[in-house]
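Okay, thanks for coming, everyone. Let me put the structure up and we'll walk through it.

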Amino acid sequence: MCETKNFYLWVLQFFGLLGLLALVLWLALRPESPEYTIVDITIPKSDIDNGGQNGSILYVLEIKNSNKDSSIYYDDTILRFYYGSDTVGEKTIPSFHQGRGKTREVTDSVDVNPRVWKAIRNSISNATAELKVAVLTRIRYRTWGVKSKHHGLHLQGKLLVGSDGKIFGKKKKIKLRRASKKWRSTRQRLLY
């Protein structure tokens with residue numbers, strides 16, 4: 001009878017330690033989401049002043065993988081700018097792989113929708129314009145040679161653009177955050 005109790009106690013301790021080890025490994029190896037930051041945004045002064053029908057937005061987007069144990073595989077990333085509820089423009093960043101602890105900087109431009117350009121130009125000329133930016137993509141993590149399932153990533157941020165066509169205010173870098181559920185549901189239908 002005593003040997004049976006010792007055996008069950010040993011099995012219980014073994015599985016308890018195994019569960020504790022699994023929890024510690026999961027906490028240590030759980031990957032973090034990449035960080036997206038708008039480093040710079042510029043609307044050329046010539047586009048604001050000339051009164052034309054067309055404009056463009058020049059941007060610098062920083063994508064940072066802070067994981068030390070996981071690299072990230074990105075599907076095509078859609079970057080959209082909004083003025084109110086109107087889409088200003090959109091750019092697709094092709095799929096890519098990002099190594100552990102690496103940072104990628106994307107510098108590009110977006111042609112502004114002519115129907116929205118006049119309202120943006122007038123708003124910037126008067127003081128500031130509030131643009132919204134959204135990032136939509138799907139990612140997979142690779143940890144110890146094993147790829148994870150796809151994870152959807154929906155981020156957003158608000159940009160105040162001053163009369164000089166640059167980011168207005170004290171914050172010169174705008175970190176994009178998870179989209180609110182209300183905002184995400186309307187934008188998600190457009191992506192998928």
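So, F14: buried, exposed or partly exposed? F14 is partly exposed, because its relative accessible area is 42%, and partly exposed means between buried, under 20%, and exposed, over 50%, with a 1.4 Å probe and protein chains only.

Quick housekeeping. This is a predicted model, where local features need pLDDT of at least 70 and side-chain atom pairs count only at pLDDT 80 or more, while totals for chains, interfaces and linings use all residues. Residues are numbered from 1 along each chain as its sequence is written, and side-chain values use heavy atoms, with hydrogens and water left out.

Now, the aromatics. Searching the whole structure turns up five aromatic pairs; rings of Phe, Tyr and Trp (its six-membered ring) pair if their centres lie within 6.5 Å, with planes under 30 degrees apart called stacked, over 60 edge-to-face, and the rest tilted. F14 and F15 have ring centres 5.4 Å apart and planes at 70°, so that pair is edge-to-face.

Some rings have a charge over them, meaning NZ of Lys or CZ of Arg within 6 Å of the ring centre and within 35 degrees of the ring normal. R104 sits over the face of F96, 4.1 Å from the ring centre, and K147 does that over Y73, at 4.1 Å.

Last bit, strands: DSSP runs of E, at least two residues, numbered from the N terminus, paired if DSSP finds at least two bridges between them. β1 (residues 35–42) runs antiparallel to β2 (residues 56–64), joined by seven bridges, and I41 has Y59 as its partner in β2. β1 also has two bridges to β11 (residues 174–175), again antiparallel, with I38 opposite I174.

Terms used. Helices (H or I, at least four residues) and strands (E, at least two) are DSSP runs, numbered from the N terminus.
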